[in-house]
Each structure stands twice: as structure tokens, then as C-alpha cells.
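Me: I would like a close look at one part of this model, the contact between its two chains. Please take it in one connected answer.

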Number of protein chains: 2
Amino acid sequence: MTRITIEPLSEAGFAPFGEVLEAAGDPDKIINQGMCGRFHDRATLDFTQGGRVGISLFRAELRALPYRLEMMERHPLGSQAFLPMSMDGFLVIVAPDAGGRPGQPRAFRSAPGQGINFHRNTWHGVLTPLSGEGLFAVIDRIGEGDNLQEHWFEDPYIIDT
Amino acid sequence: MTRITIEPLSEAGFAPFGEVLEAAGDPDKIINQGMCGRFHDRATLDFTQGGRVGISLFRAELRALPYRLEMMERHPLGSQAFLPMSMDGFLVIVAPDAGGRPGQPRAFRSAPGQGINFHRNTWHGVLTPLSGEGLFAVIDRIGEGDNLQEHWFEDPYIIDT
């Protein structure tokens, strides 16, 4: 099994796959009589073939390292954002497309306070919290259509620090 | 000044104003090989006069009780959801409309893990975290148009336990 070393999540490293959603740097606007910073419109929401945006919550079991990556999936019809509802990092696994299957996966560990948005049709691992509540707000496409492709690896990857 | 006693946030109590967004009860779907529960499509997203949905982050200063409510606002063009990114409750202040101004306000304190979605054009107080990080994911309308109405009270309210 091929080993993948976890990288810290950064805007630059993650850019081919989506956006890092975080309140970093200066806010775009100061609102509420100076009491609140707004980091404005940080995700590329991209939905096709009808459907609409929705807010769901996911509660996922915690995983442990080393993590065995057996499967990746993608959503052809819509972007998908994950915003942790506790101050915990989580594991974010993505891969470029390589002819209709995942290419070389990469693994990122988010910092507390960071969420992510996967671009539409980006190969990714399932939700993989490593600590905390496993509770996430998810903003994705609601609607009919075949919005899930899975790829199971013959030779799984091992992801670790 | 009139005193308002804080109520616990519940789906039934909050229903006239919006939705409580929480992973309570049984999930609507089990996904990821049994490792994740999906609480599906829990918010009424409602945007008018063009515009589109977006994901922003807010970082708000913590407030303390008793809280002096001097102003309420509403957004005529869109719903607005707040999902805390730390496991902390926050203060949610809402009011029915009374002829173009807020009627009697009500104050709810959310439990950790609860977010809310304000229905379009619902009178509410500004974001009022009482503990934790003051960090929220916000799903609201992005676009042109006059989407903010404020009402300042001549006689502020005092909100407390």
C-alpha cells in the first residue's frame, strides 16, 4: 500500500480542488457597529442540471490515523462545502481526475476554524473527522439526478502524519 | 427599560421566525458505509430580486448578559443562516413584524451544536455570541439591492436569564 503524508491545509495547496473557508486576514466588511467582521462570499457554489442549494448537517464517526483510504467519490452535479461545528481540524482527502478515476491522492489536515468547499466533480474522500464532535454544516446540491460516483481502489492508500 | 427573559431555543418556539439547524433525532440518511448521518435539507433558503446564495464567515465579538437590545434589523431580500463553528450556544433575538417595525422581541439561547436560519424579512438582533470563538458560517444572499432595514428602539430592552 502506498503511504500518503498529511499536509497542512492551505489556500494555495488546496486551490486546485476548492476553497478553504476561514476567517483569516482582514475581514471584507466590518458590520454590526464594529462588533463583527464579515469574510464575504468565500465559496464557489456551482450546481448543474437543476436542483438547488441546501443546508444539511452531517454527524460523522471519528476516524483514527493511520487512515486506510479505500474509496474516493465525486459529485458531478454540484459543489459541496463542509464547515465544522466544533473547533477541530479534520482530514481532507482529494485527488485530481485521471481519465475518469482519481489520480494521486493528497491529504490535508485543516486547522480548527477552517472549513472547505469542494469544487463540483472533485474526487474526495468521505468525511473524516479525527477529533471533536464529528458535526458539520454541509452546503450542497439538493435535487434529483445521479450526483454520486465512487471509485474503489484495488490497492488502498495509507494516510498518516 | 423592559426586561426580556431568555428562553431555550426549540424548534417549536422558533418556528414563526425560522428553522433550528441541528443534528437531533434520527438522521434522514445514513451514508459513507454507515459512518455518517445526514440531516437533510433543514433550512428554507429564500432569495428574491436576483442575487444568489453564498457562504461567508462572521467573526463577532462576544457579548455579556444582561444584554441591551437597542436595535433590530431585517433582510427583505433573503433568508440568513448562522452556524456556529465552535460548540457554544449563542443568543438569538427575534421579533414578529408589527406594521413595519419589530413587535415584542423574544430571546432564545441556543444549545451547543445548534444553528439557526432566519426566514426572509424576519426582525432579528445582530449576531450575539456569549462564549467561545464568535465564529460562524453564514449562508445568505449575495447581490445588489437594499437588503438591510434597521429599527432603533427609543426605549431599549434588557435581555437576561
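Which residue of chain B forms a salt bridge with D140(A), and how far apart are the closest N and O atoms?

Reply: The model is predicted. In it, D140(A) forms a salt bridge with R38(B), with 2.8 Å between the closest N and O atoms. Four salt bridges are found across the interface of chain A and chain B, and the count over all chains comes to 16. Between chain A and chain B there are also 18 residue pairs in polar contact, with both residues at pLDDT 80 or more.

On the chain A side, the elements that give two or more residues are β5 (36-39), β6 (52-60), β7 (67-74), β8 (80-84), β14 (135-142) and β15 (149-160). Among these, β6(A) gives the most, with nine residues. By type, the residues on this side divide into 26 nonpolar, 11 polar and 12 charged.

As for extent, the contact takes 49 residues from chain A and 49 residues from chain B. The two chains bury about 3,900 Å² between them, and 62% of that lies on carbon and sulfur atoms.

Strand pairing also crosses from one chain to the other. β5(A) pairs with strand β6 (residues 52-60) of chain B in the antiparallel sense, over four bridges. In β6(B), A60(B) stands opposite C36(A).

Some salt bridges are formed within a chain. D160(A) and R3(A) meet through their side chains at 3.9 Å, N to O. This pair links distant parts of the chain, since D160(A) is in strand β15 of chain A and R3(A) is in strand β1 (residues 2-5) of chain A, 157 residues apart. D160(A) counts as buried because its relative accessibility is 15%, under the 20% limit.

A further salt bridge in chain A joins R42(A) to D28(A), with the closest N and O atoms 2.9 Å apart. R42(A) lies in the loop between β5 and β6 of chain A and D28(A) in the loop between β3 (18-21) and β4 (29-31), so the pair ties together parts that are 14 residues apart in sequence. R42(A) is partly exposed at 25% relative accessibility, and D28(A) is partly exposed at 44%.

In chain B, the side chains of D28(B) and R42(B) meet in a salt bridge at 2.8 Å, N to O. Here D28(B) lies in the loop between β3 (18-21) and β4 (29-31) of chain B, and R42(B) in the loop between β5 (36-39) and β6 of chain B. D28(B) is partly exposed, at 45% relative accessible area, as is R42(B), at 27%.

How values were computed
Residues are numbered from 1 along each chain as its sequence is written. Chains are lettered from A and ligands numbered from 1 in the order in which they are written. This is a predicted model: local features need pLDDT of at least 70, side-chain atom pairs count only at pLDDT 80 or more; totals for chains, interfaces and linings use all residues. Side-chain values use heavy atoms; hydrogens and water are left out. Contact means heavy atoms within 4.5 Å. Buried area is the accessible area (1.4 Å probe) that two parts lose on being put together, summed over both. A polar contact is a pair of N or O atoms within 3.5 Å; within protein, one must be able to donate a hydrogen and the other to accept it, and residues adjacent in sequence count only if both atoms are side-chain atoms. Ala, Val, Leu, Ile, Met, Phe, Trp, Tyr, Cys and Pro count as nonpolar, Asp, Glu, Lys and Arg as charged, and the others, Gly among them, as polar. Two strands pair if DSSP finds at least two bridges between them. Buried means under 20% relative accessible area, exposed over 50%, partly exposed in between (1.4 Å probe, protein chains only).
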